[in-house]
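User: I want to learn how to read a predicted model feature by feature. Please take me through this one.

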Amino acid sequence: MAGDSRGVERSVEQTLGHLRTLDGAAADESAPLTLEDLYRQQRMRMVRLAILLVDDPATAEDVVQEAFTGLYRNWSGLRDARAAIGYLRTAVVNGSRSVLRRRKTAREYQPPHQADARSAESLAMLTAEHQAVVASLAKLPRRQREVLVLRYYGNLSEAEIAEATGVSRGTVKSTASRALDALQKLMGS
């Protein structure tokens, strides 16, 4: 079995070494580089690196573009231009990891069973008052509707609603109050 793993290792080493040769040896890393020089010299190497990591040329191009964009934003903060190649390599690896994590998450995602819109039967079973509440809720602004639904249908606390909607507890309180006032006006009580 050890011979098989050595053969695989050798094969990987030869293949990746061949790709490295095709990409050309790195430019003299002791010479100062401009961002434009770096882009011309390293772009394809970084794209090939990303392709090997994410196995998709278009995604690899995006990862490398993001890496160069990050480098551009941080160019003045580099200790010297030669450090840029290491920065790019790290950015491409990290960007590729992010892509792979998103892919994994997307593959594993099982959407919750989505019930069809309220059926005619379920609405018919509601009293006239309840039907008026449901109809009035639909007329509220999005945030007000969310807060009331999470509070009264989801039975969440103010803190849980704040976390779910990304607003403060005070905003949840005031939004709920405004929503109840608006519902009262909509229902003509």
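**Reading the model, feature by feature**

Analyst: Start with a loop residue. D55 is found in the loop between helix 2 and helix 3. Helices here are DSSP runs of H or I with at least four residues, strands are E runs of at least two, and both are numbered from the N terminus. The model is predicted, so local features need pLDDT of at least 70 and side-chain atom pairs need 80 or more, while totals for chains, interfaces and linings use all residues. Residues are numbered from 1 along each chain as its sequence is written, and side-chain values use heavy atoms, leaving out hydrogens and water.

User: What is the phi of D55 near?

Analyst: Most residues other than glycine have a negative phi. The phi of D55 is near 60°, a positive value in a residue that is not glycine.

User: Is D55 buried or exposed?

Analyst: D55 counts as exposed, because its relative accessibility is 67%. The cut-offs are under 20% relative accessible area for buried, over 50% for exposed, and partly exposed in between, with a 1.4 Å probe and protein chains only.

User: How many helices and strands does the chain have?

Analyst: It has nine helices and zero strands. Read from the N terminus, the elements run α-α-α-α-α-α-α-α-α. Of the 189 residues in the chain, 22% are buried. Take the contacts between residues at least 6 apart in sequence: 59% of them join residues at least 24 apart. Contact means heavy atoms within 4.5 Å.

User: How many aromatic pairs does the structure hold?

Analyst: A pair of aromatic rings is described by the distance of the centres and the angle of the planes. This structure holds one such pair. The ring centres of Y39 and F68 are 4.9 Å apart and the planes stand at 70°, so the pair is edge-to-face. Rings of Phe, Tyr and Trp (its six-membered ring) pair if their centres lie within 6.5 Å; planes under 30 degrees apart are stacked, over 60 edge-to-face, the rest tilted.

User: Which helices hold Y39 and F68?

Analyst: Y39 sits in helix 2 (residues 35-54) and F68 in helix 3 (residues 57-74). The two are 29 residues apart, and the pair links distant parts of the chain. Y39 is partly exposed at 35% relative accessible area, whereas F68 counts as buried at 6%.

User: At what angle do helix 3 and helix 4 pack?

Analyst: Two packed helices are described by the angle between their axes and the distance between the axes. Helix 3 and helix 4 pack at about 135°, with their axes 9 Å apart. Axes are lines fitted to C-alpha atoms, for helices over the stretch in contact, and angles run from 0 to 180 degrees between N-to-C directions. Helix 3 and helix 4 are therefore oblique to each other. Angles under 35 degrees are roughly parallel, over 145 roughly antiparallel, 65 to 115 roughly perpendicular, and the rest oblique.

User: Is the crossing of helix 3 and helix 4 left-handed or right-handed?

Analyst: Right-handed. That term applies if the near helix is turned clockwise from the far one by less than a right angle; anticlockwise is left-handed. The contact includes V63, A67 and F68 of helix 3, and A91, G95 and S96 of helix 4.

User: What does S96 touch?

Analyst: S96 is found in helix 4 (residues 83-108). Leaving aside residues up to four places away in sequence, S96 touches A50, L53, V54 and V63. S96 is buried, with a relative accessible area of 1%.

User: At what angle do the axes of helix 7 and helix 8 cross?

Analyst: The axes of helix 7 (residues 142-153) and helix 8 (residues 158-165) come within 10 Å and cross at roughly 135°. The two helices are therefore oblique, and their crossing is right-handed. E146, V147, L150 and R151 of helix 7 meet E158, I161, A164 and T165 of helix 8.

User: And at what angle do helix 7 and helix 9 pack?

Analyst: Helix 7 and helix 9 (residues 169-187) pack at about 100°, with axes 9 Å apart. They are therefore roughly perpendicular to each other. The contact includes Q144, L148 and R151 in helix 7, and R178, A179 and L183 in helix 9.
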